Amino acid sequence: PLEELRPAPEEWNYFPLPCLEVLKDIARSIYSQGQLSPAIVWECKNDKYTILGGHTRYKILQFLKEQYPDEAERFSTMRCHVYGEHQINDDIAQYLIITNNMTQRARESTSIMVKSIVKAFELQKSITARIWGEKQERSNEIVAKNFGIGSRSVDRLYRLRTLISVIMDMREHRLSYCETVRKYELGSTQSGAAIGLLQRWERIFLEEGAEGLMKERRGRACA
């Protein structure tokens, strides 16, 4: 029942909903054909279940239930694959949310893609560290496979995560170089060194996108 489901916390599920046209297409599909694939949920206390995959379908079912009261029973439940309360933990739950969104949602925004790769790497390291006596792939290789990029790109993004987030914030909120230096305490706005670094990284981002930030470079351009 929809009443027993709850969305994941916003800090876990930071992915935006699809555009209106895509939402309409999904709604038409669910109305005419029903729910074709199960959502993924995690059993919690008090007989509630946290949604890990299927937030869009959940919202659409709620909408259809309200829009078509005569057919409300059709849209009152959501078919789910259920993880038991003690079957997974918070880290695995967050990782499942990322992997369920990476094929589309994570690739629609450069900042979300970078955030997802870095977060997945951190979670995968934590998950792997808990597994004893089993041979495991390196965390960066697992994340690289999931996102279809090289393991070195994952390593580089993780090493440079702070500077990349600064560039993303500066661009998205239209901060000046001086404002950015002051906000993140990168150095003196008078010396020009910190501003020059931001300018070089911004140029790479504008010319080559996130892929450019992942590349290993020689010289001072990415120092």
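## Helix contacts and residue burial in a predicted model

Setting aside residues up to four places away in sequence, leucine 23 touches Pro18, Thr56 and Ile60, where contact means heavy atoms within 4.5 Å. The model is predicted: local features need pLDDT of at least 70, side-chain atom pairs count only at pLDDT 80 or more, and totals for chains, interfaces and linings use all residues. Residues are numbered from 1 along each chain as its sequence is written, and side-chain values use heavy atoms, with hydrogens and water left out.

**Overall make-up**

The protein chain has 9 helices and 4 strands. These are DSSP runs numbered from the N terminus, helices being H or I with at least four residues and strands E with at least two. Read from the N terminus, the order of elements is β-α-β-β-α-β-α-α-α-α-α-α-α. Of the 223 residues in the protein chain, 41% count as buried. Buried means under 20% relative accessible area, exposed means over 50%, and partly exposed lies in between (1.4 Å probe, protein chains only). Among contacts in the protein chain with a separation of 6 or more, 66% come from residues 24 or more positions apart.

Leucine 23 is placed in helix H1. Its relative accessible area is 21%, so leucine 23 is partly exposed. Between leucine 23 and arginine 57 there are 34 residues of sequence separation and a C-alpha to C-alpha distance of 9.1 Å.

Helix H1 (residues 20-33) and helix H2 (residues 55-67) have axes that come within 10 Å and cross at roughly 65 degrees. H1 is therefore roughly perpendicular to H2, a class that covers 65 to 115 degrees, while angles under 35 degrees count as roughly parallel, over 145 as roughly antiparallel and the rest as oblique. Axes are lines fitted to C-alpha atoms, for helices over the stretch in contact, and angles run from 0 to 180 degrees between N-to-C directions. On the H1 side the contact involves Leu23, Ile26, Ala27, Ile30 and Tyr31, which meet Thr56, Arg57, Ile60, Leu61 and Leu64 in H2. By class, the contact of H1 with H2 has 8 nonpolar, 1 polar and 1 charged residues. Here Ala, Val, Leu, Ile, Met, Phe, Trp, Tyr, Cys and Pro count as nonpolar, Asp, Glu, Lys and Arg as charged, and the others, Gly among them, as polar.

**Helices H3 and H5**

The axes of helix H3 (residues 90-101) and helix H5 (residues 139-147) come within 10 Å and cross at roughly 30 degrees. Tyr95, Ile98 and Thr99 of H3 make this contact with Ile142, Val143, Asn146 and Phe147 of H5. The residues of the contact of H3 with H5 divide into 5 nonpolar, 2 polar and no charged.

Asparagine 140 also lies in helix H5. Leaving out residues up to four places away in sequence, asparagine 140 touches Phe121, Ser151, Val154 and Asp155.

**Accessibility and cysteines**

Methionine 113 is in helix H4 (residues 110-129).

The structure holds 0 disulfides, a disulfide being a pair of cysteine sulfur atoms within 2.5 Å. Two cysteines are listed here with two other residues.

| Residue | Relative accessible area | Class |
|---|---|---|
| Asparagine 140 | 2% | buried |
| Methionine 113 | 12% | buried |
| Cysteine 80 | 25% | partly exposed |
| Cysteine 178 | 29% | partly exposed |
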